[in-house]
Amino acid sequence: QVQLVNSGGGLVQTGGSLRLSCAASGSINTFNAMGWYRQAPGNQRDYEREWVGRISSLNEVHYADSVKGRFTISRDDAKNTMYLEMNSLKPEDSGIYYCYGATRTIQAWGQGTQVTVSS
């Protein structure tokens, strides 16, 4: 089973940028799509995760309205890695970011990486 590892989080000021990575232990073409969720501070339950966006195996990309125009999802099949480029960050973007890989359902989750945007 392909496993996913998140990296790249950190502390940044409002308006700053971060790039998150999601590296797979095998081929990311195992998945029909990969994407990102985030969990805001204080939200502990899995169903409180907010969907951020996804990219399909055909490079079709979709974003939540809250991040559209600021975040960019991309993938490098040769490196079996997906990326989340985050620009113009706001305090409300703070949280734990999880990547996922899906076929019909989500098959794998990354362990999460913390993003903190200070005001």
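Predicted model: local features only at pLDDT ≥ 70, side-chain atom pairs only at ≥ 80, totals over all residues.

Residues are numbered from 1 along each chain as its sequence is written, and side-chain values use heavy atoms, with hydrogens and water left out.

**Stop one: the disulfide**

Select Cys22 and Cys99 and show their side chains. Their sulfur atoms sit 2.1 Å apart and form a disulfide (a pair of cysteine sulfur atoms within 2.5 Å). Searching the whole structure turns up one disulfide. The two ends come from distant parts of the chain, 77 residues apart: Cys22 is in strand E3 (residues 18-24) and Cys99 is in strand E9 (residues 95-102). Strands (E, at least two residues) and helices (H or I, at least four) are DSSP runs, numbered from the N terminus. Which hand does the disulfide have? The torsion about the S-S bond is about 65 degrees, so it is right-handed. Cys22 is buried at 0% relative accessibility, and Cys99 is buried with a relative accessible area of 0%.

**Stop two: the salt bridges**

Next up are charged pairs. A salt bridge here is a side-chain nitrogen of Lys or Arg within 4 Å of a carboxyl oxygen of Asp or Glu, and the structure holds five of them.

Pick Glu50 and Arg38, whose closest N and O atoms are 2.8 Å apart. Glu50 lies in strand E5 and Arg38 in strand E4 (residues 33-39), so this pair ties together parts 12 residues apart in sequence. Glu50 is partly exposed at 33%, whereas Arg38 is buried at 6%.

Now select Arg70 and Asp93, a salt bridge with its closest N and O atoms 2.7 Å apart. Arg70 is in the loop between E6 and E7, and Asp93 is in the loop between E8 and E9, 23 residues away. Keep all four residues on screen: salt bridges that share partners join Arg38, Glu50, Arg70 and Asp93 into one network.

**Stop three: two asparagines**

Most residues other than glycine have a negative phi. Select Asn59, which has a positive phi of about 65 degrees, in the loop between strand E5 (50-56) and strand E6 (61-63). Finish at Asn80, with a positive phi of about 50 degrees, in the loop between strand E7 (71-76) and strand E8 (81-86).

Technical notes
Buried < 20%, exposed > 50% of the residue type's maximum accessible area, 1.4 Å probe, protein only.
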